[in-house]
Amino acid sequence: MSTASLSTTIASSEEQPRTLSAPLSRGDRIYRSITVGGAFVSLAVMSLIAVFLMREAWPALHKAGWSFFTTFEWAPDEGTAYGIGSMLFGTVVIALIALFVAVPISIGTALFINEYTPLRFRGTFITMVDLLAAIPSLIFGLWGLSFLQPRLDGPARWLSEWVSFIPIFKTKVPIFGSSLFVSGLVLALMIIPIITAIARAVMAEVPRVYCEAALALGGTRAGMVREVVLPFAKGGLIGASMLGLGRALGETIAVALILSNDFRIPSNVLSPGGASVAGTIALKFGEASTNGRSALVAAGLVLFFVTLLVNIVARGIVARTKAPSGAKK
């Protein structure tokens with residue numbers, strides 16, 4: 001072999017990256033087996049739940065057909081009407097009201113705890129938020145029914161008088177309470193601690209060197225938050241909001257205690273009436289007949305897939321808006 005060909009061979013071998021492999025220790029193998037097993041168990045449980053729901057819901061779905069999603073009458077015990085249109089409408093409206101109210105408050109609270117609270121008080125605020133997130137939904141429902149709902153008559157009346165140019169706030173009869181509006185506000189207060197806790201943890205991961213550099217260049221704290229913290233944490237904030245949305249979609253007791261469970265689409269969100277899928281299942285399942293239970297399980301199956309779709313969409317949004325991988329603390 002000539003000297004030129006030998007040097008070419010050596011150069012080409014040096015340019016190719018080497019494959020590095022480290023043998024797994026016993027602890028690594030055990031840990032990998034546990035994590036893989038946990039992932040498969042989660043998938044298996046979710047699949048079994050889906051199979052059970054589909055099996056139990058099939059009689060009602062087979063009898064109702066596509067009208068199950070498009071009609072607004074609900075009388076499955078008599079076998080005459082299978083329709084979850086009004087319940088789906090109420091579920092979506094309540095969840096959107098809760099999200100619209102909760103997200104700005106949660107992000108503002110998380111920013112206040114991380115960026116403006118003195119260090120000696122920060123741990124106390126974090127503990128309070130975590131404790132609020134652990135309060136059972138039954139307590140929120142009872143509190144909303146007995147304390148919050150009577151005190152929302154004034155704000156609801158103000159909205160109906162001064163914001164009536166928006167159709168959802170336009171009422172013909174000034175009767176308020178047990179409405180989608182009250183239910184949405186109660187759920188907003190319920191998901192604020194959850195979104196706040198996740199948003200605060202996400203914002204705490206923002207590299208401080210970036211924040212300090214923005215301040216060193218003469219920026220204000222508000223500008224640093226706007227230009228550094230929020231863009232870096234955008235993916236996590238969206239994920240926290242979607243998690244709160246999933247919680248609002250599946251809430252049962254709090255909504256069941258407040259709503260009058262009227263199976264119609266109300267003309268506005270301030271008047272009494274409306275129903276949600278989860279609340280109806282909680283109220284009707286114990287006394288339902290065989291046909292009624294199959295219809296309620298079918299409604300639960302729809303809610304299961306809606307929640308799953310929300311999580312898939314949220315995961316895609318988070319993946320598109322996550323922070324750059326090269327950012328380090």
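**Reading a nonpolar patch, salt bridges and a cavity**

Modeller: F112, Y116, F121, F125 and M128 make a nonpolar surface patch of about 480 Å². The model is predicted, with local features requiring pLDDT of at least 70 and side-chain atom pairs pLDDT 80 or more, whereas totals for chains, interfaces and linings use all residues. Residues are numbered from 1 along each chain as its sequence is written, and side-chain values use heavy atoms, without hydrogens or water.

Biologist: Which element gives the most to the nonpolar patch?

Modeller: A patch takes residues with over 30% relative accessible area and no salt bridge, nonpolar side chains being joined within 5 Å. Here helix α5 (119–133) and helix α4 each supply at least two residues, and α5 gives the most, with 3. Helices are DSSP runs (H or I, at least four residues). Y116 is found in α4.

Biologist: Is Y116 buried, partly exposed or exposed?

Modeller: Buried means under 20% relative accessible area, exposed over 50%, and partly exposed in between (1.4 Å probe, protein chains only). Y116 has 44% relative accessibility and therefore counts as partly exposed.

Biologist: How many salt bridges does a search of the whole structure find?

Modeller: Side chains of opposite charge can pair when their charged atoms come close. The criterion is a side-chain nitrogen of Lys or Arg within 4 Å of a carboxyl oxygen of Asp or Glu. The search finds 6 salt bridges. One of them joins R208 to E115, whose closest N and O atoms are 3.3 Å apart. Because R208 lies in helix α9 (residues 208–216) and E115 in α4, the pair ties together parts 93 residues apart in sequence. R208 is partly exposed at 36%, whereas E115 is buried at 7%. E115, R208 and R221 are linked in a network of salt bridges.

Biologist: Where do R157 and D153 lie?

Modeller: Both belong to helix α7 (residues 153–162), 4 residues apart, about one turn of the helix. R157 is partly exposed at 31%, as is D153 at 29%.

Biologist: Which residues line the largest cavity?

Modeller: Rolling a probe the size of a water molecule over the atoms shows where empty space is left. A cavity is a set of points on a 1 Å grid where a 1.4 Å probe fits but cannot get out; lining residues have an atom within 4 Å of a point. The lining comprises T91, I94, L187, A248, L249, E251, V255, S276 and A278. Helices α4 (85–116) and α11 (234–249) each give two or more residues to this lining. The cavity has a volume of about 30 Å³. E251 also forms a salt bridge with R247, the closest N and O atoms being 3.6 Å apart; E251 is buried at 6%.

Technical notes: On a 1 Å grid over the protein atoms alone, a cavity is a set of points where a 1.4 Å probe fits but cannot get out, and a pocket is an open set with protein on both sides within 12 Å along at least five of seven lines; lining residues have an atom within 4 Å of a point. Grid points are joined across faces, edges and corners, and a volume is the space filled by probe spheres set on the points. Patches are made of residues with over 30% relative accessible area and no salt bridge: like charges are joined within 9 Å, nonpolar side chains (Val, Leu, Ile, Met, Phe, Trp, Tyr) within 5 Å. Accessible areas come from the Shrake-Rupley method with a 1.4 Å probe; for residues, only the protein chains shown count as cover.
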